[in-house]
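The sequence and the model come before the details.

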Amino acid sequence: MNIDGQAWRTIWLEPDGRSVGVIDQTQLPHRFTTRTLSSCGQAADAIRTMVVRGAPLIGVTGAYGLMLALQADPGDGALAAAFEQLDATRPTAINLRWALERVRDRVAPLPPAQRAEAAKREAALIADDDVAMCEAIGDHGLTLFQQLAAARPAARQEQPFHVLTHCNAGWLATVDWGTALAPVYKAHRAGLNIHVWVDETRPRNQGASLTAFELGREGVPHTVIVDNAGGHLMQHGQVDAVIVGTDRTTRTGDVCNKIGTYLKALAAHDNGVPFYVALPASTIDWSVADGVAEIPIEARSASEVTQIQGALVELDRPVAQAMLGSMATVQLSPNGSAGFNPAFDVTPARLVSALITERGVCEASEAGLQGLYNGA
Ligand code: MRU
């Protein structure tokens, strides 16, 4: 997607052919900077600290992380250790394990001397596949949006088609295009009058910082709202559809996504607003049937709840001009108050109107997914 007219992916092989470049998402939207990852440890740190985040992107970063490990030591022991190190970084998104297994299974049968090059090829393939899957999700979602927009009452036809999204499931969460935002970009480019309500998505504010950033750079009309505003907007007919991504989808169609997604699904259900979940095949965990009972939910630091980060705009005392715009962390809660920070929740399939995949749109159910993937 575009930043100031230049096309970017979120991850790339550097010109040296050995190291990996990524956009540093901890600095967005205030600073657009990139980082070079030169070792497996650096790749693992980038995933853990959310320099890169979003289920598909952490999968691709993990794949390149194995390549980096094999450049240093292509032996069986190092391969196993790197797999463990990367797999332990974030537990919820299944894309990470899926991508690590894909690279490991590709390189393990090879002589050690060939493994790093083979891992590089496989990681690049995973990245390219992700772009293709996300673009196809965009095409299927576009058709759906066009149908929904056209089916609105005549009095609403002149209004923008209002979509609400939670967290960031845009191109920054993938390699390019995004999952939930791919249909938005396709619709905008196709001339649909679309507007996006962007949930801020506490505690890390992926909506307010990342989704707003990328929609803005693509020129898509959008408005940032607090997480608690969505239900009110739905009650007042100001949301035509909700669309979100998922970090792990069960074979029965439950979806695990950023904390707060479940509440949006409940509000959508109560107000008759369609609730869509966009996903590539790499997000489906065919081994899991009950998302609430079986998906491990990442618990992150309480400090993400009790504190908040942003760019400095004002202090309660005179501040040197040079300090304005600096990245700042401020405390919200009283010292000593405990915080609890589950990073994801599960929305049961019964609250999901449909799944939008690279293979088409299906019911959020075992039969629906089987119909598209035949258990693949
Ligand atoms: O904690 P994050 O920022 O990695 O969480 C990301 C999400 O929850 C996305 O919605 C999800 O990965 C789907 S992305 C295409």
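## Helices α1 and α2

Helices α1 and α2 cross in a left-handed manner. In this predicted model, α1 spans residues 40–48 and α2 spans residues 55–72. Their axes come within 8 Å and cross at roughly 165°. Angles over 145 degrees count as roughly antiparallel, so α1 is roughly antiparallel to α2.

On the α1 side, the contact is made by C40, A43 and I47. Helix α2 contributes I58, T61, G62, G65, L68 and A69. By class, the residues of this contact between α1 and α2 are six nonpolar, three polar and no charged.

## Helices α3 and α4

Helix α3 covers residues 76–87, and helix α4 covers residues 94–107. The two pack at an angle of about 170°, with their axes 10 Å apart. That angle makes α3 roughly antiparallel to α4.

L79, F83, L86 and D87 of α3 make the contact with L96, R97, L100, E101, R104 and V107 of α4. The contact of α3 with α4 has six nonpolar and four charged residues, and no polar ones.

## Surroundings of the ligand

The ligand is surrounded by 19 residues. The closest are A55, R90, Q206, N257 and K258.

For K258, an N or O atom in the side chain is 2.7 Å from an oxygen atom of the ligand. A polar side-chain atom of D247 is 2.9 Å from a ligand oxygen atom. For G54, a polar backbone atom lies 2.9 Å from an oxygen atom of the ligand.

Methods. Residues are numbered from 1 along each chain as its sequence is written. This is a predicted model: local features need pLDDT of at least 70, side-chain atom pairs count only at pLDDT 80 or more; totals for chains, interfaces and linings use all residues. Side-chain values use heavy atoms; hydrogens and water are left out. Axes are lines fitted to C-alpha atoms, for helices over the stretch in contact, and angles run from 0 to 180 degrees between N-to-C directions. Helices (H or I, at least four residues) and strands (E, at least two) are DSSP runs, numbered from the N terminus. Angles under 35 degrees count as roughly parallel, over 145 as roughly antiparallel, 65 to 115 as roughly perpendicular and the rest as oblique. Contact means heavy atoms within 4.5 Å. Ala, Val, Leu, Ile, Met, Phe, Trp, Tyr, Cys and Pro count as nonpolar, Asp, Glu, Lys and Arg as charged, and the others, Gly among them, as polar. A crossing is left-handed if the near helix is turned anticlockwise from the far one by less than a right angle, and right-handed if clockwise. A residue is near a molecule or strand if one of its heavy atoms lies within 4 Å of it. A polar contact is a pair of N or O atoms within 3.5 Å; within protein, one must be able to donate a hydrogen and the other to accept it, and residues adjacent in sequence count only if both atoms are side-chain atoms.
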